[in-house]
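Open your viewer and set aside a few minutes for a short walk.

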Amino acid sequence: MGKVYVFDHPLIQHKLTYIRDVKTGTKEFRELVDEVASLMAFEATRDLPLEDVEIETPVCKTKSKVIAGKKLGIVPILRAGIGMVDGFLKLMPAAKVGHVGLYRDPETLQPVEYYVKLPNDVEERDFIVVDPMLATGGSAVEAINSLKKRGAKNIKFMCLIAAPEGVEIVKEAHPDVDIYIAALDEKLNDHGYIVPGLGDAGDRLFGTK
């Protein structure tokens, strides 16, 4: 059964306050999202397996730890998820990056896949799907569906801010997926925005309206 992790690290919470603030401009917003993504990546990779290798220090030979050949993939949900990718790659430069693009059908209001590009070795790789917001949960569920349809077996989902409604939807649809959240907010409003939230993450990252 997948678990839900809400990070309470002081650095994450401090930076999240400025991410939420309406006075924070595009440049600073982008930098803060990048920094928080790195901090979250540090926590979310805590369970990576290690193995011993022998090295030689300037003093002597010794055994030390390295990550045990784990192949990782970062998959942003277009477009806002792109803002979290570089934060991961600073810590894990060897990770491959896939992309999932979704749009909302104007009639059904359901997310529809329009673009998917993943590494070739999908079945051998652990994936972390990233998106700043987990609101209704529809996009997250569909993005995870897209990976599973192509053979992905080990998937985590990570976001900055989540609404309780979205967390429940993802848990119900994908009970095997762990969810990592910087802040679990109060609710969704009538327009599907997270309250208090941070507004539209894509617009704030890319300076659009």
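A polar contact is a pair of N or O atoms within 3.5 Å; within protein, one must be able to donate a hydrogen and the other to accept it, and residues adjacent in sequence count only if both atoms are side-chain atoms. This is a predicted model, where local features need pLDDT of at least 70 and side-chain atom pairs count only at pLDDT 80 or more, while totals for chains, interfaces and linings use all residues. Residues are numbered from 1 along each chain as its sequence is written, and side-chain values use heavy atoms, with hydrogens and water left out.

**Stop 1: Asp200.** Select Asp200 and look for its side chain reaching the backbone nitrogen of Gly202 at 3.0 Å. Asp200 sits in the loop between strand 13 and helix 6 (DSSP runs numbered from the N terminus: helices are H or I, at least four residues, and strands E, at least two). Beyond its neighbours within four places in sequence, Asp200 is in contact (heavy atoms within 4.5 Å) with Arg79 and Tyr193.

**Stop 2: Gly199.** The loop between strand 13 (194–195) and helix 6 also holds Gly199. Gly199 has 34% relative accessibility and so counts as partly exposed; buried means under 20% relative accessible area, exposed over 50%, partly exposed in between (1.4 Å probe, protein chains only).

**Stop 3: the largest pocket.** Now select Arg104, Asp131, Ala135, Ser139 and Asp200, which lie nearest the centre of the largest pocket, out of 30 lining residues. On a 1 Å grid over the protein atoms alone, a pocket is an open set of points where a 1.4 Å probe fits, with protein on both sides within 12 Å along at least five of seven lines; lining residues have an atom within 4 Å of a point. Strand 4 (72–78), strand 6 (99–104), strand 9, helix 4 and helix 6 (201–206) each supply at least two lining residues.

**Stop 4: Met133.** Move to strand 9 (residues 133–134), where you will find Met133. Met133 has a relative accessible area of 16%, so it is buried. Its contacts beyond four places in sequence include Cys159, Ile161 and Gly199.

**Stop 5: Ser139.** Finish in helix 4 (residues 138–149), which contains Ser139. Ser139 is partly exposed, at 30% relative accessibility. Leaving aside neighbours within four places in sequence, Ser139 is in contact with Ile77, Leu102 and Pro111.
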